[in-house]
Structures are given as C-alpha cells and as structure tokens.
Amino acid sequence: MKEKSQNLLTSDDYCKLYRIYSKHYNFNGVTLSGGEPLVRNDCVEIAEKLYKNGAKITLVTNGYLLDKKIEICKYINRINLSIHTLDPNNYEKIVCVKNTYSKVINNIKKVRELYPNIEIRLNVTLVKDVNFSDEELTNLIEFSRKIKSSIKFTELFPSNQEDCVKQEEVIEKLLQYGYSEIGSDNRSKVYEKQNHKIYLTRCVCSTAKLSKSPIKYCI
C-alpha cells in the first residue's frame, strides 16, 4: 500500500469505503467531485479501482484538466461538466482565470470524440444580468445538442434573492423553445424536445424552505 500524504485517503481507502457502503446499502453510485477531483495525481487510479469493484461513477469537473487525465473516461459512466456560459469573456470572469475557455471546450469535444458512449451533462447555474438571456440559453442548449449531452439548470439560492433566476422563469423559456415536461419530483423536473433532455433542479435548502416542515424535509 502507498504511504499516505497529508492524511489524504488513498485509492485503497476509497475502495474499502465503497465496498462497505455498497454492501450495507446495496447501491453502487459514486460521485467524484471536489473542488476539482482531477487535481489529484491518483484520480485515474481511484476511478479504475472503484470501477473494478462495481461502482457506477459520475465525475464532476470544470473540464480544464480533462486532456491530462483523459484515460479516466474509461472508468466513468457520466461527466457532469460545470460550464455556466459559452461567452468566452463571461466564462473567464465567472471562473476568475484567464485563457481557460477554449481549452475547456476543446477538452469536452475531445472526450465526446474518443468516448462516444459516455454520458455528458452540462451543469449550469443561471444568474440574472450574468448568463440569463435568450442568447445565452439557446447557445448552451445548441452546444449541448451538438455534443450529444443533456443539460441541467440549477436554481441558485443566494442571500440576495433578486439575483436568483427562479425555476418558473426557466420553464417559461423552455416552453417557448418547444420543450415539454416528461417527469418531476420534489427537487427536479425534466423537459425534453427531440430526445434532448433538460433537467431543472433546486438546491435542498431552497426546496425545504417551501415545505411545511423544512427540518423534516431535509432529514
């Protein structure tokens, strides 16, 4: 076994935890997230070992390091790519890092080319006066169609409610674009048009606030 560094769990530790979890709860879903999981040198090794132990893996990433760790795609079921706009200037303002947009877009196109069967979902948080407009929405939806991915719009739950794009506002736009609701639960709704799916979700806190018993809802 490799020596531990800075008290980090090793790939073997993660596998042990997964085996215990899956045995007791009969569930094989694993999400690799962070921060940014691809900054770990052993992220591919972790994914490989989990995969060989039967895990169904979702990777949550900003996509910047995908080209460096592209082999991780052999072991994962889905990539959730956090990309909140397709405007290069807006993108780099949001992430606060220059010269990143083109690399992220090229990386996700490369993944789709090399791994045509991997599921990709774009994760987008909409904020008024930042990325909520017909142009932004249609660009994101068309890009999602082009790379054969789904897309998820998450309702922000900010301290300043005026910035929040309500789920109802997004639904109004989707109906205008010809999408129809095909499913829903307490947190999520699914809309579809010509086999292209769009997911709408609320964070747990905002959904709980709408319920009669927020504490009971969260439990």
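The following legends describe close-up views of a predicted model.

**View 1. Strand β1 and its pairing with strand β2.** Strand β1 covers residues 29-32 and presents two faces: V30 and L32 lie on the covered one, whereas G29 and T31 lie on the uncovered one. Strand β2, residues 56-61, pairs with β1 in the parallel sense, and four bridges join the two. On the β2 side, L59 is the bridge partner of L32, a residue of the covered face of β1. Together with helix α2, residues 43-52, the strands β1 and β2 form a right-handed β-α-β unit.

View 2. Strand β3, residues 78-82, pairs with β4 in the parallel sense over five bridges. Within β4, E119 is the bridge partner of R78. Strand β5, residues 150-155, also pairs with β4 in the parallel sense, likewise over five bridges. Here T125 stands opposite T154 of β5. A right-handed β-α-β unit is made by β4, helix α5 (residues 134-146) and β5.

**View 3. Residue S188 in strand β7.** S188 belongs to strand β7, which comprises residues 188-193. The relative accessibility of S188 is 19%, and the residue counts as buried because this value falls under the 20% limit. When residues up to four places away in sequence are left aside, S188 touches L200 and T201.

Notes:
Residues are numbered from 1 along each chain as its sequence is written. This is a predicted model: local features need pLDDT of at least 70, side-chain atom pairs count only at pLDDT 80 or more; totals for chains, interfaces and linings use all residues. Side-chain values use heavy atoms; hydrogens and water are left out. Buried means under 20% relative accessible area, exposed over 50%, partly exposed in between (1.4 Å probe, protein chains only). Two strands pair if DSSP finds at least two bridges between them. A crossover is right-handed if, with the strands pointing away from the viewer, the path from the first strand over the helix to the second runs clockwise. Contact means heavy atoms within 4.5 Å.
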